[in-house]
Amino acid sequence: MGKVILICGMIGSGKTTYANRLAKQLNAVMITQDELMYGLFGTQLYHNDREQYYKYATWVEDYVKQKSGEAAKAGALVICDNGFWPLWQRNEWREFYASMGVTCELHYIDTPQAQRLKNIQKRNEAILREECNESFMNEEDIHHDFDVPSDDEITVTVAFDDAR
């Protein structure tokens, strides 16, 4: 039996960087909502039609949850870096995996806000240079609601230096 690792952290915390490194180290499969959203709808939907974006994002999130559980049940190690900002979402995903008999870990990326702002700026510059296919972030995007995970939720805490 495989397992699912949920990567939790705020915007700009280094979730994708950490998830990619971890996937390589562990020979794991990454299944991410952002990658599917960008592949299906491009990067502009988030900025141009937020209502449509959130509608599609809900469908894609359900797909990611289902497929990651199926892959883990089949023996794969799966990493999802959706962010998992609200507690209710983390609980929902953990309960879903538990109902499948799949082990689930939460890796929390703890990055100071000043560093997250620098990371967002760096990412935006890479987008402008067409070096990556991600969604351009504005500084106000950093202020999403976020429930910091409690110690009993976290399997691994990753300090910013460890995420790089």
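Q: Which residues touch the most other members in the largest nonpolar core?
A: In this predicted model, those are Val4, Leu6, Cys80, Trp93 and Tyr97, out of 26 residues in that core.

Q: And which elements give two or more residues to this core?
A: Strand E1 (3-8), helix H3 (45-48), H4, strand E3 (77-83), H5 and strand E4 (103-110). H4 gives the most, with five residues.

Q: Ok, what is Leu6 in contact with, leaving aside its neighbours within four places in sequence?
A: Leu6 contacts Cys80, Phe84, Trp93, Tyr97, Cys104, Glu105, Leu106 and His107.

Q: What other core lies apart from the largest one?
A: There's another one of 11 residues, including Ile5, Leu22, Ala28 and Ile109.

Q: Switching to helices: at what angle do H2 and H4 cross?
A: Roughly 125°, with the axes of H2 (residues 33-41) and H4 (residues 50-73) coming within 9 Å.

Q: What about H4 and H5, how do their axes cross?
A: They come within 10 Å and cross at roughly 35°, and this crossing is right-handed.

Q: Which classes of residue make up the contact of H4 with H5?
A: Five nonpolar, four polar and five charged residues. Glu61 and Lys65 of H4 and Trp93 and Phe96 of H5 are among them.

Definitions and conventions: Residues are numbered from 1 along each chain as its sequence is written. This is a predicted model: local features need pLDDT of at least 70, side-chain atom pairs count only at pLDDT 80 or more; totals for chains, interfaces and linings use all residues. Side-chain values use heavy atoms; hydrogens and water are left out. Axes are lines fitted to C-alpha atoms, for helices over the stretch in contact, and angles run from 0 to 180 degrees between N-to-C directions. Helices (H or I, at least four residues) and strands (E, at least two) are DSSP runs, numbered from the N terminus. A crossing is left-handed if the near helix is turned anticlockwise from the far one by less than a right angle, and right-handed if clockwise. Contact means heavy atoms within 4.5 Å. Ala, Val, Leu, Ile, Met, Phe, Trp, Tyr, Cys and Pro count as nonpolar, Asp, Glu, Lys and Arg as charged, and the others, Gly among them, as polar. A nonpolar core is a set of buried Ala, Val, Leu, Ile, Met, Phe, Trp, Tyr and Cys residues joined through side-chain atoms within 4.5 Å. Buried means under 20% relative accessible area, exposed over 50%, partly exposed in between (1.4 Å probe, protein chains only).
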